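Below are some questions and answers on a single protein model.

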Amino acid sequence: MKTGTGQQTIIVIGNGMIGYKFCEKLVKKSSNFNLIVFGEEPRRAYDRVHLSEYFNGKTADDLSLSAENWYEENGITLYLSDPVQEINLAEKKVHSRKGTSLNYDYLVLATGSGAFVPNIPGIEKEGVFVYRTIEDLEMMKAHAAKSKNGAVMGGGLLGLEAAKALLDLGIQETHVVEFAPRLMPRQIDSAGSNLLQTKLKELGLNIHLNKNTAEIAGDHKIESLKFNDETELKIDMLVISAGIRPRDELAKLAGLQTGTRGGIVVNEKMQTSNEFVYAIGECALYENMIYGLVAPGYEMAEVAVNQILAGEKAFYGFDMSTKLKLIGVDVASFGDNFITEPDCRTIIFEDTHKGVYKRINISNDGKYLLGGILIGDAEAYNMLLQTVNNKLVLPPNPEDLILGSRGGEASEGAGVMSLPDTALICSCEAVLKSAICDAVNLEGVTSVDGIKKCTKAGTGCGGCVPLIKDLVVGTMKENGVYIKNVICEHFDYSRQELLDLIKLHKIKTYDHALDLLGRGDGCEVCKPAVASILSGVWNDLIIKQDTIQDSNDRFLANIQKGGTYSVVPRIAGGEISPDALIVIGQVAKKYNLYTKITGGQRIDLFGAHLNDLPDIWKELMDAGMESGHAYGKSLRTVKSCVGSTWCRFGLHDSVSFAIQIENRYKGIRSPHKLKSGVSGCVRECAEAQAKDFGIIATEKGWNLYVCGNGGSKPQHAQLLASDIDSETCIKYLDRFLMFYIKTADPLTRTATWLNKMDGGMSYLKNVIINDSLGIAQQLEEEIQHLMSTYHCEWSEVVNDPQLRKKFAHFVNAPEEKDPSVVFEPLRDQVRAKEW
């Protein structure tokens with residue numbers, strides 16, 4: 001049927017993400033259609049991928065995919081809260097629940113999927129929810145206010161997302177119940193699942209595997225889950241997330257072909273068994289496959305639009321690789337992730353201490369990457385996926401793909417420019433590398449936001465944004481464009497430029513820097529960065545800068561769970577006298593503090609109230625102790641073994657040298673924290689090669705290593721100089737540290753700083769040892785100034801009544817402690833209850 005204007009009519013049933021994307025793609029390519037949309041929900045299309053953010057303060061309008069007047073502006077008729085209830089294929093007509101009857105030329109079914117709700121006795125009870133719509137979330141939110149123990153039935157992607165929602169709602173005990181023997185059985189292998197389970201337990205989730213629910217018990221509302229193994233779980237709230245079921249009931253009723261296990265059968269053109277009816281998204285069944293991700297749904301929408309416009313684009317399946325963050329834990333799978341030997345070679349890296357699991361499957365000839373799994377650290381996902389999809393030949397050492405290059409010459413974004421122009425960068429919006437590079441080359445786009453506006457790449461799930469950024473920077477570099485590295489929108493300078501300008505203009509406060517060199521009111525990025533620069537240049541008391549510091553620097557202590565703070569006195573080289581140990585014990589007992597020996601050979605005291613901090617530090621300082629700067633971006637510790645003092649293998653006195661080094665550089669602020677170690681022999685008990693700078697005794701002197709770190713992305717330090725005496729070692733360290741302070745970007749560890757440095761270690765050696773820049777003397781003088789102006793920050797606070805006033809929880813009642821801080825027993829000590 002044609003309308004009076006000669007336009008053909010397209011009716012879209014379903015106003016979810018895929019239905020909206022069909023409309024968006026169609027109106028962009030043609031205005032020759034009368035487009036009508038029927039939606040079941042009371043609101044326009046919204047982002048279901050980030051649905052859980054509704055509990056983090058985002059509103060329905062924030063999640064909406066379009067402005068309120070978008071449909072009207074594009075000539076689209078939108079019927080909300082009015083689902084279609086009947087399709088007459090013979091008459092090409094639809095009938096809605098509210099009585100609207102309309103004819104169509106083309107019909108697009110984007111009905112999506114619903115939650116699969118198992119047939120369990122008691123499923124209808126109060127307190128049982130599904131997790132699909134904003135309305136579901138609103139009901140969960142209302143019920144959670146009176147609930148303490150909640151559970152999610154289902155340990156897949158959606159189940160763990162629902163578990164995060166319960167945690168965000170403040171449910172004290174959250175359980176995940178899974179029928180299978182492991183979490184996420186469709187995405188990750190057993191080893192990866194075990195590690196993920198451990199990580200999620202640490203974050204407060206209770207995991208129950210191999211559980212078959214027999215009954216939801218309770219009178220009219222849920223009270224417990226009873227399992228077939230005769231165990232029981234007491235809960236007062238349950239979220240069903242046991243899978244999805246295609247919404248194909250309307251299609252079945254109309255006589256369209258559907259699969260035996262659900263789904264509307266479509267061909268490669270997205271046509272159903274009726275040539276004028278298309279199906280896209282989670283309701284469509286293509287070659288016995290339901291695609292439960294947004295990216296393939298968007299591709300289906302593109303195909304359907306193309307076919308209606310008489311194009312030739314077709315759908316031949318879709319890569320189901322995915323990367324997401326589950327309750328703060330990176331999880332990714334790509335390519336053929338479950339293939340095993342002898343059909344491939346498998347390389348696995350597992351670090352149970354840091355919660356990282358990486359597995360890659362490579363072809364038996366070692367040439368190609370087939371697939372893999374990443375848990376805990378998925379930073380390499382984008383390039384790994386591109387390597388699989390574009391059949392890129394692997395490097396000689398394919399383990400570098402997950403371990404990183406151990407040569408220290410890797411650069412950020414390396415390899416992205418070698419991808420073919422046909423590489424699919426954004427799968428959600430089907431944007432190729434060539435489109436992004438063309439936007440830079442032909443349209444002058446120089447930012448990720450510009451690419452989003454120009455190509456829509458990165459506007460879907462957002463997982464491709466790091467790759468887009470690298471492509472923009474790489475393309476600009478190829479064009480010989482100077483890329484200015486500014487710290488944020490409020491300062492049009494890099495950290496290095498700001499440091500020089502602050503010295504030149506003798507700027508001493510953040511407000512002065514903003515007035516003279518910046519604009520606006522500043523932000524959480526530039527405020528701590530400028531504070532670090534001010535301290536790195538003038539070594540002034542950082543606590544005086546009220547407007548710019550976070551809690552740790554504002555109160556000279558690390559804020560911990562429950563709103564308490566930790567106290568860490570300096571114990572240089574790990575050496576401490578019995579008298580000092582006794583004082584620490586007395587203080588811990590007096591203020592009811594939890595004590596723990598750290599990996600940096602110090603003693604942390606946890607659980608301090610804010611207004612007790614000055615009194616605690618006064619007692620410690622009366623015993624000769626000083627601030628350990630555990631809260632600052634500065635030198636934390638210099639770890640040492642006992643060296644030649646006691647050890648029969650020790651070549652030199654590593655303890656004395658460690659103490660000398662720590663006392664020399666204590667308190668010096670830097671772009672990121674610094675850790676060090678001094679080992680008395682090659683046996684490396686102080687782990688010097690895992691530090692920002694480390695020193696190892698040799699028969700001829702010392703070996704100096706720099707730019708290593710542990711943490712989530714461990715990297716070995718590299719040899720800067722060998723067999724040098726103590727005086728030369730300190731001279732090189734002076735130059736190295738000051739060069740780092742002057743040139744590194746904010747919050748950049750020394751390892752990352754070196755990785756990004758053109759020329760790598762060869763260049764750094766030339767600067768530090770050979771003085772290739774002619775600045776060695778200047779570096780030595782500048783760091784000498786910082787050392788000569790050292791102050792124990794806590795000493796100044798303790799002795800300044802005005803500064804002490806800052807450490808009051810209640811301004812009008814400075815003696816009263818935070819009433820929300822509650823402790824509970826832990827072995828022979830106490831710990832703060834969860835917030």
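**Questions on the predicted model**

Tyr104 is found in the loop between strand 6 (101-103) and strand 7 (106-109). The model is predicted.

Q: Is Tyr104 buried or exposed?
A: The cut-off for a buried residue is a relative accessible area under 20%. Tyr104 has a relative accessibility of 1%, so the residue counts as buried.

Q: How many Å apart in space are Tyr104 and Phe276, C-alpha to C-alpha?
A: Along the sequence, Tyr104 and Phe276 are 172 residues apart. Phe276 also has Lys92 over the face of its ring, at 3.7 Å from the ring centre. In space, the C-alpha to C-alpha distance between Tyr104 and Phe276 is 9.0 Å.

Q: Which residue lies over the face of Phe649?
A: For a charge to sit over a ring, NZ of Lys or CZ of Arg must be within 6 Å of the ring centre and within 35 degrees of the ring normal. At 3.8 Å from the ring centre of Phe649, the residue over the face is Arg683.

Q: How many residues apart in sequence are the parts that the pair of Tyr291 and Phe315 ties together?
A: The structure holds 18 aromatic pairs. One of them is formed by Tyr291 and Phe315, edge-to-face, with 5.5 Å centre to centre and 85° between the planes. Tyr291 lies in the loop between strand 20 (284-286) and helix 8 (294-308), and Phe315 in the loop between helix 8 and strand 21 (322-326), so the parts tied together are apart in sequence by 24 residues. Each of the two, Tyr291 and Phe315, is buried.

Q: What kind of aromatic pair do Phe334 and Tyr381 form?
A: Planes over 60 degrees apart count as edge-to-face. The ring centres of Phe334 and Tyr381 are 6.3 Å apart and their planes are at 70°, so the pair is edge-to-face.

Q: Where do Phe334 and Tyr381 lie?
A: Phe334 and Tyr381 are both buried. The pair ties together parts that are 47 residues apart in sequence, because Phe334 lies in strand 22 (residues 329-335) and Tyr381 in helix 9.

Q: Within what arc do the buried residues of helix 12 fall?
A: In helix 12 (residues 448-455), Val448, Gly450, Ile451 and Thr455 are buried. They line one face of the helix, because, seen down its axis, they fall within an arc of 155°.

Q: Which exposed residues does the face of helix 12 turned away from its buried side carry?
A: The buried residues of helix 12 pack against strand 27 (431-432), helix 11 (433-443) and helix 13 (465-478). The face turned away from that buried side carries Asp449 and Lys453.

Q: Over which residues does pLDDT stay under 50?
A: The protein has an average pLDDT of 89, and 96% of the residues score at least 70. For the stretch with pLDDT under 50, the model has 13 contacts beyond four places in sequence, and that stretch is residues 407-414.

Methods. Residues numbered from 1 in each chain as written. Predicted model: local features only at pLDDT ≥ 70, side-chain atom pairs only at ≥ 80, totals over all residues. Heavy atoms only, no water. Buried < 20%, exposed > 50% of the residue type's maximum accessible area, 1.4 Å probe, protein only. Helix = DSSP H or I, 4+ residues; strand = E, 2+ residues; numbered from the N terminus. Arc of directions from axis to C-beta. Contact = heavy atoms within 4.5 Å. pLDDT = per-residue confidence, 0-100. Phe/Tyr/Trp six-rings, centres within 6.5 Å; stacked < 30°, edge-to-face > 60°.
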